[in-house]
Amino acid sequence: MTSLERNLILSVNAGSSSLKISLFSTAKRLGFTEPVALVFTSSISSISGPPAKFSFRLATGEQRFKDKPVDSIKDHSTAFAHFLDYLENHCSIPKSRIVYVCHRVVHGGDYAERVEMDPEAYHHLERLSDLAPLHNGAALSVIKACIDAMSEARSVAYFDTSFHRSIPSHISSYAIDQKIATERGLRKYGFHGLSYAFILRSVSRFLERPPESLNLILLHLGSGASVCAIKAGKSYDTSMELTPLSGLPGATRSGSIDPSLIFHYTNKAGRITHDPSMATNVGVTMAEDILNRKSGWKAMTGTTDFGTVTSKADLSAPASTDEDLEILRKFNPHRLAFDLFTDRIIQFIGSYYLKLGSEVDALVFSGGIGENGAELRSVIGKKMECLGFCKVDEERNAKARKEDAVVIDISVGSDEDEERKKRVLVCKTDEQVCFICSVLLLR
Ligand SMILES: Nc1ncnc2c1ncn2[C@@H]1O[C@H](COP(=O)(O)OP(=O)(O)O)[C@@H](O)[C@H]1O
Ligand SMILES: CC(=O)OP(=O)(O)O
Ligand SMILES: [Mg+2]
């Protein structure tokens, strides 16, 4: 087989509750930054809220599967096995043509940029697994499966954390003994960095302004949800910290809580958990397990799907006073969850608005909830108006989901309006695509 035939790049994104995989081809000889072309995208979602659902779409537009329930998928390893089986038996693509496998790895610790996987890198990432218990163990199980199945391909890890290395030390440090903080690496690392890099690039193109001229507030709202303040094109602050547990709540995560809550939740909280369903190579306490996997929407409402939370939240109920709203929240856990999420999101937006000195070019919604949740965007949009953000155009907002464009402006008004500043945008993020060209630079 010539090097020209080995021209495929697999890009693998192990999220907390999903496994998204895209295949790209590079038509030209490897070794140059030639543009790459998408061949297909595959997604297995709801891994933490079974049955998992399999979708597969060719770049030609042919949708082979859309949310097909697959009972055999229990975790990321079985999800990857399902994908590989489909690739080998139902797509006429020999895996021997894959030359690189790029992996999104959530926690890269002090790695400043990508690393090519070797035993040393593998063990380093394994040691970080306790700091991303829903992610690193799962990603490593997929990396191992890829190396076993495609021994000739080079595996390269890209990290969510790399994007946030620009956060200044007074924001990334904790007010604890600094010697211990340095020895143990206890600081804000930040996550969803591959997504934020993609959004920044896409918004910069959309607004026709260089990234370094932009101040933005970015919302990545999915199973894991976070906010990022971009100052002059760089991450300045973000809501996830040492681990992806802090900040906003998520599908199964509590988000930030008073640290003392742990001691009052259960007196067994400090013990190491022996839950067999936890990803391998992860050593967490029962408290971490509860806050990472048994909290969030799942614990509050019984579903991990924020679409269901929204549709059952009774948003059109005529609650005119604060007392009426309290009664609604008391009897409707979906409404309580929806309002709690909104409250935490605006808390970060307000804080970042101040940190950016009110010089904000746009507020950007992304991630499964940010891209599909028109109701949440509308509610947040109304709350942002007092800061001088454009009003949300409800018609544009409702249609955004169906549009093909990567960035959609849902603000009222037109480009000609002089006063149209602080826009409200939706960006269809893609964590698989952002590093593809850079892998071709590897020798
Ligand atoms: N119409 C909708 N309204 C609100 N949320 C939605 C809607 N459709 C999907 N979602 C949410 O998107 C989430 C998945 O987001 P995604 O970013 O793909 O997740 P992951 O973090 O697993 O990569 C699901 O939890 C689902 O609740
Ligand atoms: C960092 C993180 O929470 O990622 P995800 O949303 O994919 O679970
Ligand atoms: Mg995700």
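The model is a predicted one. The chain has 16 helices and 14 strands. Its radius of gyration is 22 Å, which agrees with the value near 22 Å for a compact globule of 443 residues.

**Overall build**

- Taken along the principal axes, the C-alpha atoms of the chain fill a box of roughly 70 × 60 × 45 Å.
- Of the 443 residues in the chain, 45% are buried.
- Counting contacts between residues at least 6 apart in sequence, 63% link residues that are at least 24 apart.

- Eight strands make an open sheet with mixed pairing, in the order 5-4-3-2-1-6-8-7.
- Strand 5 (63-70) and strand 7 (115-116) are the edge strands, and each of them pairs on one side only.
- Strand 1 (residues 8-14) and strand 6 (residues 98-105) run parallel and are joined by six bridges.
- Within this part of the sheet, S11 stands opposite C102 of strand 6.

- Strand 13 runs antiparallel to strand 14 (residues 423-427), and three bridges join them.
- One pairing here is that of D409 with its bridge partner L425 in strand 14.

- Strand 9 and strand 10 run antiparallel and are joined by six bridges.
- A hairpin of three residues connects strand 9 to strand 10, and the bridge partner of L221 in strand 10 is A225.
- Strand 10 also runs antiparallel to strand 11, through four bridges.
- Strand 10 and strand 11 form a hairpin with two residues between them, and A232 in the turn has a positive phi of about 45°.
- Along this pair of strands, A229 has D237 of strand 11 as its bridge partner, and K231 stands opposite K234 in strand 11.
- In a regular strand, side chains alternate between the two faces of the sheet.
- In strand 10, A225, V227, A229 and K231 point one way, while S226, C228 and I230 point the other way.
- Strand 10 is mostly covered, with seven of its seven residues buried.

**V282 in its loop**

- V282 lies in the loop between helix 7 (261-265) and helix 8 (286-293).
- V282 has 23 other C-beta atoms within 10 Å; it counts as buried because the cut-off is 20 or more.
- Leaving aside residues up to four places away in sequence, V282 touches S129, D130, P133 and G137.
- From C-alpha to C-alpha, V282 is 23 Å from S239, and the two are 43 residues apart in sequence.

**Surroundings of ligand 1**

- Ligand 1 is surrounded by 18 residues, of which the closest are G15, G222, G307, G368 and G373.
- By class, the shell around ligand 1 has three nonpolar, 14 polar and one charged residues.
- Helix 10 (306-311) and helix 13 (367-372) each supply at least two residues of this shell.
- Helix 13 gives the most to the shell around ligand 1, with four residues.

- The residues around ligand 2 are G15, S16, V106, D160, F191, H192, G222, S223, G224 and P244.
- The shell around ligand 2 has three nonpolar, six polar and one charged residues.

Terms used. Residues numbered from 1 in each chain as written. Chains lettered and ligands numbered in written order. Predicted model: local features only at pLDDT ≥ 70, side-chain atom pairs only at ≥ 80, totals over all residues. Near = placed C-beta within 6 Å. Nonpolar A, V, L, I, M, F, W, Y, C, P; charged D, E, K, R; others polar. Rg over C-alpha atoms; globule rule 2.2 N^0.38 Å. Buried ≥ 20, exposed ≤ 12 C-beta atoms within 10 Å, placed from the backbone. Contact = placed C-beta atoms within 7 Å. Pairing = 2+ DSSP bridges.
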